[in-house]
Amino acid sequence: MDEALLRSLTPGVIGILVRRGADFAAAEDAVQDALLEAVRVWPADPPRDPKGWLVTVAWRKFIDATRAESARRRREDLVDAEPEPGPASDVDDTLQLYFLCAHPSLTPSSAVALTLRAVGGLTTRQIAQAYLVPEATMAQRISRAKKTVSGVRFDQPGDVATVLRVLYLVFNEGYSGDVDLAAEAIRLTRQLAAAIDHPEVAGLLALMLLHHARRASRTADDGSLVALADQDRSRWDTAMIAEGVEILQAALAQDRLGEFQAQAAIAALHCDAPEAAETDWVQIVEWYDELAALTDSPVVRLNRAVAVGEADGPRAGLKALGELDDSLPRYTAVAAYLHERDGDEQTAARLYAEAAKKAANLAEREYLTRQAARLNRKSPPHP
Amino acid sequence: MAKYLLLKHYRGAPAAVNDVPMDQWSQDEITAHLQYMRDFAAKLQATGEYVGEQALAPEGTWVRYDGEGKPPVTDGPFAETKDLIAGWMVIDVDSYERAVELAGELSAAPGKDGKPIHEWLELRPFYGNAPTITE
């Protein structure tokens, strides 16, 4: 059974139930139950019309759940409270679900969880495993999120930027457990791009593809990080890179630049270099300037300092770095790298060791510790 | 979305404000304290921020490898000066500020005379996943 196809039907089926008068929370529960039943029943008895099957079963489950509750709340009231189901396409329903699940009233973790369940069709257990929390905790997080958005009208226009932030978070979390969150984020962003023509949606999709294409080379067999310059570029997925570049070019042609397009442009320039030494750092610096103008993010300016160090030499990079706040995450790691490039290995070794203590994750800490150890072997620190 | 460890100490933490040991509380004060701890965990379960918790016995042993073919060496009991962990709770929250807020709430658990203990708790971030996008 094609689980991806099954899950891709989720938002459309929820949309139909909502248009028939179910409230979002109940519709989402009913569709989730229908998905579980599909997983059970379809392998032996595949339906001719998968979506029709899901709608029928989900609607039955919704009616059963509503009847069970009818002493407290009559169905007639429920139907009356909802707007008349107007004509709407699947595409509209899908888009509305993205907006609802990324509603600004939700915390980032709630928006992520709700998006993965209601739009992605993942089970609570799968989401819990991916984020390493107990299933009961994730169930509560999702149920609270549904309560938070219960007053939001389904047909209300939403903000694409909030949806993109949620999808970016899912992608960047990477890979843990059974569910490949990066692949799931790409699937959801692809689906969003099909529902709405927006250059930043395309930009984010391109960004994800241009990073995902290099995933195999980012870590060694033992799980340790491999720096971009040391990656085996023959392991990059060239078809995925080509797709990312094509999507990015079409987005840039719309002449409405945004941060995801600019980030994707930087990723594309890295992907374009057959050897690290052939990287077009001058253009990358220019894109960082664009990005800094768009976001004013200190992290962007930190990455820009690295690029300046490559384009104009480590002294220029250190100068650019010197203009930034030294309490930024990864500041010390960048300083260490630039000092090493400048030939000052003792300073670099000391800074790598210091950066390792400030690392935000274990892979980065181990990487930085190894850099310090490598330089300390070459030129031992003064006693 | 970050995990934090809240550590409670038998000893080794700075002194609490209401620093009277539990064996000198009334039965009702003990009941109120335990109820507060259960309520706190239940509340975090309901907000979707709870990951887990365990209490640890105060006794323990130092253990180390002693070479090929030899049983590990043990040493104990712990010296009185050792930092001694009493228990842990893991939470999964949206921000550092939220983690501090929750730790403060846990530290307000009632002790002697039903007044908050103001116990010092150790708050430690977990390492997260390495982000995919770094350039």
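In which sense, left-handed or right-handed, does α3(A) pass α4(A) in their crossing? Here are some thoughts on this predicted model, point by point.

1. To take that question up directly: the crossing of α3(A) past α4(A) is right-handed. The axes of α3 (residues 24–41) and α4 (residues 50–68) of chain A come within 8 Å and cross at roughly 125 degrees. The two helices are therefore oblique to each other.

2. On the residues behind this pairing, α3(A) contributes Ala26(A), Ala27(A), Ala30(A) and Ala34(A), among others, while the α4(A) side includes Leu54(A), Val57(A), Phe62(A) and Ala65(A). Charged residues take part too, including Asp29(A), Asp33(A) and Glu37(A) of α3(A) and Lys61(A) of α4(A). By class, the contact has 11 nonpolar, 1 polar and 4 charged residues.

3. Helix α19 (residues 331–341) of chain A is worth a look as well. Of its 11 residues, 10 are buried, so the helix is largely enclosed by the rest of the structure. Among the buried ones are Tyr331(A), Tyr337(A), His339(A) and Glu340(A). Their cover includes α17 (298–312), α18 (314–322), α20 (345–358) and α21 (362–378) of chain A. After α19(A) comes Gly343(A), with a positive phi near 90 degrees.

4. Finally, the contact between the chains: chain A gives 30 residues and chain B gives 17. On the chain A side, the elements that supply two or more residues are α7 (108–119), α9 (135–148), α10 (160–173), α15 (259–272) and α21. Of these, α9(A) gives the most, with 6 residues. This side of chain A divides into 15 nonpolar, 11 polar and 4 charged residues.

Definitions and conventions. Residues numbered from 1 in each chain as written. Chains lettered and ligands numbered in written order. Predicted model: local features only at pLDDT ≥ 70, side-chain atom pairs only at ≥ 80, totals over all residues. Buried ≥ 20, exposed ≤ 12 C-beta atoms within 10 Å, placed from the backbone. Helix = DSSP H or I, 4+ residues; strand = E, 2+ residues; numbered from the N terminus. Contact = placed C-beta atoms within 7 Å. Axes fitted to C-alpha atoms, helices over the stretch in contact; angles between N-to-C directions. Parallel < 35°, antiparallel > 145°, perpendicular 65-115°, else oblique. Left-handed = near helix turned anticlockwise from the far one by under 90°.
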